[in-house]
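Open your viewer and get ready to select a few residues as we go. Each stop tells you what to pick and what you will find there.

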Amino acid sequence: MNTNQANVPTYDNIGFQHEDRRPPPYYQQHDMYPAIPQETPSYVAVTPAPINTHHTATPGTPLNTGQKKGKKKCYWKNILCASLCVLLILAVVALLLWYFLYYQCLLGRSCGHGGKCLMLSQWCDGVEDCSHGEDESKCFRLHGANFMLESLSSDSQKWMPVCADNWNNNYGRTVCEHIGYKRQDYVSYTHTSAGSASDGYMKLKSGSGHTSRIQSQLTYSKSCSSRAVKLKCIECGQSSAAPSSRIVGGTEAVNGAWPWQVSLQINGQHICGGSIISPDWILSAAHCFQSELSHARRWGVYSGDVSLSRLGFGKTVSKIISHENFDKRTNDNDVALLKLSSPLTFTSTVKPVCLPNVGVDLSAERQAWITGWGASNSPGPAPTTLNQAQVTIYSRETCNQPRVLDGQVSETMICAGKLEGGVDSCQGDSGGPLVVKDGDVWWLAGDTSWGIGCALRNRPGVYGNVTYFIDWVYTQMQVQ
């Protein structure tokens, strides 16, 4: 955590330095297909010579019967050629139709890259058609700061609130498990307003029984006699001592203020930060785990205190999952998940932060908080007590201005800090949280990724965009 000006190169993690300017941002290219020329063959009408059925032989001149046979052969040869050309054209058209309608799946969705093509109505219909179950894996989500449950309609392919009619906690546990949480982490369900749900609801069918494929038991309903389902899959985002007012610069945090903050260590040395998102999972930055640092057994996860010296025994890591599209040149997709060998026990100083729901306000100009044990100057000594600072989230347009970060912030990133300088994350803060309070809970908006220097004017820090990664996060939690 840095609260002073310092003219130094770009940082990523543990003293890793970039040049003063980063390479151009990563621009995703759309698939391009070469144009296939379609030639229309020229058809030549062959009119056979009139056949004289009354042959008059001139004395001394033999009757030329071979000429007539040759023309008949030519006639059938042209018909055969024309037929073959038509068949060839039809074959090309059929191949193109297959390529674009099936292989490219223009009228549906594919089961993964190059996988089976399904009609849209086959997604979230309760029948597993993909070999790995992709078509039934993302059928529920939580919306807004009130955690309203939504289901994807297989008929309209729209997200709709789930009606609370006939709902119970058994359904709630099953849906939370579907999303990626464990059944034992389940909290409860209540009712909430669906707002202007003009498109209607997804409602349990009459006589529905509890099964693992709840989406097969939901049907569209224009109205709902009760209200929508509010679902808490895990108790998250609660702080007992977070600052309630704006502060200038950074200060030392107190115990319980940021109970999701962890220290990721190797051989007792703090390397990176991370955030608790469930008893089994820590979210951090992919650039912390490259090369020889990618071995899970080397890492320990420490939590429960703001002082590094009082963190006690740590948890071992069973698996590190870095985003498969992480680009160490641009730091695109800079996110990773650590699965713990054994679950954390939650206390007043060890709690998860909430993963962002769709509709939570994490927009530009929101005030956010960063925390970490990172250096206060670059280069400089690292503190032994967790530091906290308030920053502003800026729009991507502001971040990418030539005078700021000059086009280096992609859609997988958020930039936040103070354009006037003086407040920023720094070496050792990597992977740690950028959080925003909306409603009565704290949401994980970003993970500390990179920056140009620390706390320089017009050089806000850059964070992985957790909202962008949310489907990836839940997918990993589901399958591991």
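Here is a short walk through this predicted model, stop by stop.

**Stop 1: the barrel.** Select strands S12, S13, S14, S17, S16 and S15 in that order: they make up a closed barrel of 6 strands with antiparallel pairing. On average, neighbouring strands here are turned by 40° against each other, direction ignored. Now zoom in on S13 (residues 269–278) and S14 (residues 281–284), an antiparallel pair joined by 3 bridges. Pick Ser275 and you will see Leu283 of S14 standing opposite.

Stop 2: Select Cys272 and Cys288, whose sulfur atoms sit 2.2 Å apart in a disulfide. Which hand does this link have? The torsion about the S-S bond is about -95°, so the disulfide is left-handed. Cys272 lies in strand S13 and Cys288 in the loop between S14 and S15 (299–302), so the pair ties together parts 16 residues apart in sequence. Both cysteines, Cys272 and Cys288, are buried.

**Stop 3: the other hand.** Go to Cys426 and Cys454, a disulfide with sulfur atoms 2.0 Å apart. Its torsion is about 80°, so this one is right-handed.

Stop 4: Select Cys81 and Cys85. The sulfur of Cys85 is 6.8 Å from that of Cys81, its closest cysteine sulfur, which is too far for a bond. Cys81 is partly exposed, at 40% relative accessible area, and Cys85 is partly exposed at 29%.

**Stop 5: a loop serine.** Finish at Ser137, in the loop between S3 (117–119) and S4 (140–143). Is Ser137 buried or exposed? With a relative accessible area of 18%, Ser137 is buried. A polar atom of its side chain lies 3.0 Å from the backbone oxygen of Glu134.

Note on methods: Residues numbered from 1 in each chain as written. Predicted model: local features only at pLDDT ≥ 70, side-chain atom pairs only at ≥ 80, totals over all residues. Heavy atoms only, no water. Pairing = 2+ DSSP bridges. Helix = DSSP H or I, 4+ residues; strand = E, 2+ residues; numbered from the N terminus. Axes fitted to C-alpha atoms, helices over the stretch in contact; angles between N-to-C directions. Buried < 20%, exposed > 50% of the residue type's maximum accessible area, 1.4 Å probe, protein only. Polar contact = N/O pair within 3.5 Å; in protein donor to acceptor, adjacent residues only side chain to side chain. Disulfide = S-S within 2.5 Å.
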